[in-house]
Amino acid sequence: MNSTGSALQRRFFHIKNPLFSFPPGYGLGGIFRATLLFLACSPVFPQTSLTTYHNDQARDGWNQSETVLTTTNVNSTNFGKLFSDAVDGQVYAQPLYMPNVSIGGGTHNVVYVVTENDSAYAFDADTAGVTYWHDSYIGGVTMTVAQADVGSCGQITPQIGITDTPVIDTSTGIMYFVAMTKTVSAGVTTFTQTLHAVNISTGAETANGPQTIKASGPGTGNGGTTVNFVPQAYKERCALALVNGVVYTSWTSHCDLNTWGNYHGWVIGYNAANITQQLSVYDTTPNTSEGSLWESGDGPSVDSAGNLYFLTSNGTSESGGGIGPDYPQCFLKLNTTGNAVTVLDYFAPMNQQTMSNADNDVGSAGQCLLPASWGTTAHPNLILGADKPGDLYVVDAATGKMGEFSATANNVPQTVAAIGGRGYTTPAIYSNGVTQFVYWGMTGSPVKSFRFVNGQYVTPFFSETSETFGGQGAVPSVSSNGNTNGILWALSSGTPVTLHAYDATNLGTELYNSGQATGARDSAVGGVVKFAPPSVVNGKVFVPTANSLVVYGLLATPSPTPTGSPAPTATSTASRTPTATATSTASSTPTATSSNTATGSPTSTATRTPSATPSFTTTSTPTGTGTASPTATATSTASSTPTATASRTPTATTTGTPTNSASPTLSATPTNTLSNSATPSSTLTASATASSTPTASFTSSWTPSNTSTGSPTQTPSRTSTGTSTLTATSVPTGTATDTPTLTPVSTATSTASSTPSSTPTVTPRNTLTSTATGTSTPTLAFTATATPSKTPSATPTATLPATATSTPVNSATSSPTATATLSPSFTPTVTVSPTFTRTLTPSPTWTPSPTPTLQPSMTSTPSASTTPAVSATPLLYPNPATGGSVTLQVSLATAGEVRVQIFTPSFRQVLNITLPEPAGTDKLDIPLKDKGGRPLANGLYYVLVTANGKRTILKLLILE
C-alpha cells in the first residue's frame with residue numbers, strides 16, 4: 001500500500017507559491033508545529049473556520065458567528081463580487097475555510113477547493129490570484145475516470161476525480177479527501193480509490209498517506225460468503241467525517257448499476273494519524289444489495305457520543321421492512337465505539353418497499369441533527385430528513401426510539417407529505433431567538449421556510465422565495481450573528497450561477513442576487529454544480545462553479561459620490577476689507593473634510609458685494625469637475641452623495657477635497673446658504689449664475705446650473721478669493737468585468753438523466769425500436785453497435801448475405817430535458833424477424849434517480865453471428881400475469897445458460913436468476929418474486945432474457 005502511495009506521490013504535480021520556502025533543516029514536522037503554535041497563540045481577532053460540509057457535523061448549514069454581513073449591508077450597493085480564481089475542473093465539493101494559517105511565508109486566511117480533475121487548491125481567501133499550493137493527483141499513466149468507464153453514468157460528468165467534500169482536522173492541520181483515478185499500463189486499466197491526508201500549509205502528504213482503499217466483509221449479497229469492495233463500481237459522494245481520531249468514508253454506486261456485481265452501501269474508517277490503518281468496514285446490505293449512501297453530497301451527522309447518522313437508498317431487505325442485517329431505505333444510526341461500526345437503531349418508512357420499487361430513495365436527501373433546545377421532553381433529540389418524493393420526516397434520534405419499521409404506521413414524531421419538488425437537497429436551520437426555522441430547497445420549487453414548534457413542522461410553510469430553483473434545487477446556507485441578521489443564501493441553476501440572499505425570517509424579502517448590478521458586475525462566470533452549497537464565513541461568500549471559485553463580499557468603501565465625480569466645493573475666504581486671504585483655523589473658520597479623489601485642479605476666484613446680512617440659496621447641477629469660491633460665510637450642499645457645509649463661525653464640513661482657509665474679522669453676521677445639487681460625471685466645465693440683491697460675481701471652471709435668491713438687509717462690500725482643488729473619479733459609471741483564465745468546461749455526452757433539470761416529476765415515455773428488413777430468411781441474426789449522442793443511431797456490423805439488408809433504428813427519450821437514453825456502453829444485439837419492435841413505457845409517476853443509464857447492466861458486446869442462437873423470440877405467458885409465476889418459452893440453437901432479469905420501470909433490478917438449458921425449445925417457470933422472496937407488486941416490469949450471448953427485452957404486466 002505504501003509503495004502504491006509513493007508512486008502516486010511521485011506522479012502528481014506539486015505547485016507552490018514561489019515565495020514559500022523554508023530554511024535548511026526546517027522539515028514538515030517543524031512546519032506543522034509552527035502552524036499549531038500560531039493557531040493557538042495568534043492575537044488576531046477570533047474568526048470562524050469552516051472545516052466540513054454544511055458548517056458542522058450536525059450538518060445544519062448555520063454559521064452563527066457572522067459579524068460582518070448583515071441584512072442592512074447585503075445589497076447590490078454595498079455587496080458584490082470581489083474576484084474569482086480559476087480551477088481545472090468542476091467543483092462538486094463545498095469550499096472549506098481556515099483563518100490565520102501559517103502559509104506562503106506569512107499568516108493568511110485560506111480557502112481550500114478540490115475538483116473533478118483530481119486537483120486540490122489552497123487559495124488566499126482575501127486576495128485575487130494568490131495560490132499557495134496546487135496538487136494534482138494525475139499525470140503520466142494515471143488519469144481521471146471518464147463517464148464511459150462507469151457505464152456512461154452521468155451523475156458526475158464529464159469526469160470523476162475528487163467528488164466528496166473534504167474534512168479538516170484543526171488540531172493537526174491535516175485535510176482528508178478521496179480521489180478516484182485510473183491507470184492504463186500495457187493495455188490494462190486499473191481503477192483506484194485513494195484516501196489523501198495533506199498538510200493544509202504545504203499540500204504535502206502526511207499521516208503516511210496516500211492510502212489505496214480496499215475492503216471486504218462477510219455476506220451473501222454477491223453470491224458467495226464474502227462481499228468485496230470494487231473500486232470501479234463506487235464513488236465517494238458523501239462528505240467525509242472525522243470522529244474521535246477516525247476518518248470515515250462512505251460510498252454509493254454509479255446510477256444503480258450492478259455491472260460489476262451487486263453494489264452496496266459502504267462505511268470505511270481509517271486512523272486519522274496513520275491512514276494505512278483501516279479500523280472499520282460496514283456494509284449496509286451484506287446479504288442482499290443496494291442501500292447505497294449518497295445523500296445529495298451531505299455527510300453523516302455526528303452526535304456528541306460519536307454516533308453516525310446516515311440515510312440509505314433504495315434496496316431490498318433480506319427479512320423485509322428494513323430489519324437487519326440489511327438496512328436499505330432507512331434512517332440509520334451507527335455506533336463507532338471501539339472503532340467497530342455497528343447498528344444501534346433505525347427507522348424505515350412503512351411504504352419502504354413500494355418506494356424502492358419506484359426508485360424513490362429515502363437517501364436522496366441529506367439529514368441534519370437539531371440542537372437539543374429544539375426538541376421536547378418526550379423527544380429531546382431530533383433528526384430531520386426527506387425522501388425523493390419530497391416527504392419530510394422528524395425522527396427521534398435516541399437509541400430505541402427511532403421507530404424501526406411498521407407496515408401500518410410511521411412510528412416517528414412527524415411525517416409531512418410531499419411539500420413540492422423532489423428531495424435532492426439538505427436542510428438548513430435558523431432561530432432569531434423567538435422563532436425556529438427549517439429551510440428546504442426542493443427541485444423545481446422555491447426555497448421554503450417552515451416554523452418549527454414543539455419539535456414539529458408547522459404546516460403549511462411559513463414563507464418562500466420568489467425564485468424557483470430548477471435543476472437539482474438548492475442546498476441552502478444560513479449566516480447570522482447569534483440570533484440577529486439571519487440571511488439565507490442559495491445558488492440557482494444556470495451559467496453563470498446566480499447567488500441569492502434572503503431575509504431568513506421572511507424569504508419573501510430578497511436582499512441581493514448577483515444579477516442585480518448593472519454591466520454583469522457580479523457575474524459568477526461559471527455554471528452551477530449540483531448539491532454544492534455556498535460557504536459563508538467571515539464576511540465572504542465562496543461560490544463553487546464548474547470552472548472557478550467566485551468570492552463575494554462587501555465592496556470597497558465608496559467615495560462620497562458613488563455615481564460619478566464629486567461635486568465641486570468652494571474654498572471660502574472672508575474679511576472686513578474688500579479682499580482677504582483666508583487662513584483656516586479650528587475655532588472660527590470653516591474647515592473641509594472629504595474622501596473625494598479628483599482629476600484636475602481648477603482654481604476660481606469669486607467676488608461678492610452682498611448686503612451685511614444677505615440670505616440666498618444657490619442650486620448647482622454640475623456635469624464635471626470644477627470649483628467655485630463663494631464669499632464670506634456659506635453652507636454648501638452637493639447632492640451626488642456627499643453634503644458639504646462651510647461656515648464662517650462654526651467649523652464647516654465640506655465634501656470633495658477642497659482646501660478651505662478663512663480668517664474672518666467681520667463685525668457683520670451675514671448668513672449665506674449655498675446648496676449644490678450635483679450628478680457629476682468625470683469632466684466638468686461650469687459657470688454659476690446668481691440672482692440676488694447683493695452684487696455677487698463667480699468665476700469658475702465648471703458649469704453647474706446655479707440659481708441664487710436672497711433678501712439683503714445691509715450693503716457692506718466684501719471681496720473674497722479662494723482656490724479650490726478638486727478631483728473626481730467616475731467609478732460608478734464604469735463596468736466591472738471578470739476575465740477568467742479558464743474557459744468554462746462544457747462537455748456533451750449522451751444525456752440519459754434520471755434527474756431532469758426541469759420539473760422532475762414527469763410522465764416520460766421511453767421507446768426503443770429496432771427494425772431490420774432484408775431479403776434473407778426471417779431468422780437472420782446480426783450485431784448492431786449503437787453509439788448514441790443526442791439521438792442514438794446504430795449501424796449493423798454483421799456479415800449479411802448479398803441479398804440481405806438490415807437497418808436497425810434506435811431512438812430513446814428519458815426525460816423532458818434529455819434527448820438520449822442509450823448508454824454509450826450499450827451495444828444492442830438484435831435477433832430479428834423482418835421487423836421487431838420493443839416499447840418501454842414507464843409508469844406515469846416515474847422520475848428517474850440521478851442520471852442512470854437507460855439499460856442497467858447492459859454493457860456486454862456479444863459477437864456477431866449469422867447463425868441465430870435464439871431461433872425464436874422468447875415468449876412470456878400468461879401476460880398479464882396474476883402473480884405466482886409465469887412461463888418463459890425459449891428456443892436455443894446450442895445448449896447453455898439462460899439468464900432472466902426482471903426490472904422495474906425505473907430499471908431497478910428485482911430478480912436475477914440463471915438456468916442451464918439444453919438446445920431446442922423449452923418452457924421455464926419464472927417465479928414472480930423479488931430477491932428476498934417477496935411477491936412482486938402489481939404493475940409493469942421488463943424482463944431481460946440472455947441466452948448464448950443474445951438479449952431480448954420483454955414486457956410483463958402483473959395484475960391481481
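Strand 6 and strand 7 (residues 131–136) pair in the antiparallel sense over five bridges, where strands are DSSP runs of E with at least two residues, numbered from the N terminus, and two strands count as paired if DSSP finds at least two bridges between them. The model is a predicted one, in which local features need pLDDT of at least 70 and side-chain atom pairs count only at pLDDT 80 or more, whereas totals for chains, interfaces and linings use all residues. Residues are numbered from 1 along each chain as its sequence is written, and side-chain values use heavy atoms, with hydrogens and water left out.

Strands 5 and 6 form a hairpin with three residues between them, in the turn of which Asp 118 has a positive phi of about 60 degrees. Strand 6 itself (residues 119–124) is mostly covered, since six of its six residues are buried, a term that denotes a relative accessible area under 20%, with exposed meaning over 50% and partly exposed the range in between (1.4 Å probe, protein chains only). Ser 119, Tyr 121 and Phe 123 point one way from the strand, while Ala 120, Ala 122 and Asp 124 point the other way, and all of these residues are buried.

An open sheet of five strands, with mixed pairing, has the strand order 23-24-26-27-31. Strand 23 (301–302) and strand 31 (404–405) stand at the edges with a single partner strand each, so one side of each has no neighbour in the sheet. The pairing of strand 27 (residues 342–348) with strand 31 is parallel and runs over two bridges, and Ala 348 has Phe 405 of strand 31 as its bridge partner.

Aromatic pairs were counted for rings of Phe, Tyr and Trp (its six-membered ring) with centres within 6.5 Å, planes under 30 degrees apart being classed as stacked, over 60 as edge-to-face and the rest as tilted. By this rule the count comes to 23 aromatic pairs. Phe 229 and Tyr 234 form a stacked pair, at 5.1 Å centre to centre and with 10 degrees between the planes; Phe 229 counts as buried at 7% relative accessibility, as does Tyr 234 at 1%. The pair of Tyr 430 and Phe 437 is likewise stacked, because the ring centres are 6.5 Å apart and the planes are at 10 degrees. Tyr 430 is buried, with a relative accessible area of 1%, and Phe 437 is buried at 2%. Ring pairs link Tyr 430 and Phe 437 with Trp 62, Tyr 439 and Phe 462 into a cluster. A charge is taken to sit over a ring if NZ of Lys or CZ of Arg is within 6 Å of the ring centre and within 35 degrees of the ring normal; Lys 448 lies over the face of Phe 461 in this way, at 5.4 Å from the ring centre.

The structure holds one disulfide, defined as a pair of cysteine sulfur atoms within 2.5 Å. The bond is formed by Cys 153 and Cys 255, whose sulfur atoms are 2.0 Å apart, and the torsion about the S-S bond is about 80 degrees, so the disulfide is right-handed. Cys 153 lies in the loop between strand 9 (145–146) and strand 10 (159–160), and Cys 255 in the loop between strand 19 (246–253) and strand 20 (266–271), so the pair ties together parts that are 102 residues apart in sequence. Both Cys 153 and Cys 255 are buried.

Most residues other than glycine have a negative phi, and most peptide bonds are trans. The peptide bond from Gly 209 to Pro 210 is cis, with omega near 0 degrees, and Pro 210 lies in the loop between strand 13 (188–199) and strand 14 (211–212). Asn 454, although not a glycine, has a positive phi of about 55 degrees; Asn 454 is exposed, with a relative accessible area of 65%. Phe 531 has a positive phi near 70 degrees and is buried, with a relative accessible area of 6%.

Technical notes. Helix = DSSP H or I, 4+ residues; strand = E, 2+ residues; numbered from the N terminus.
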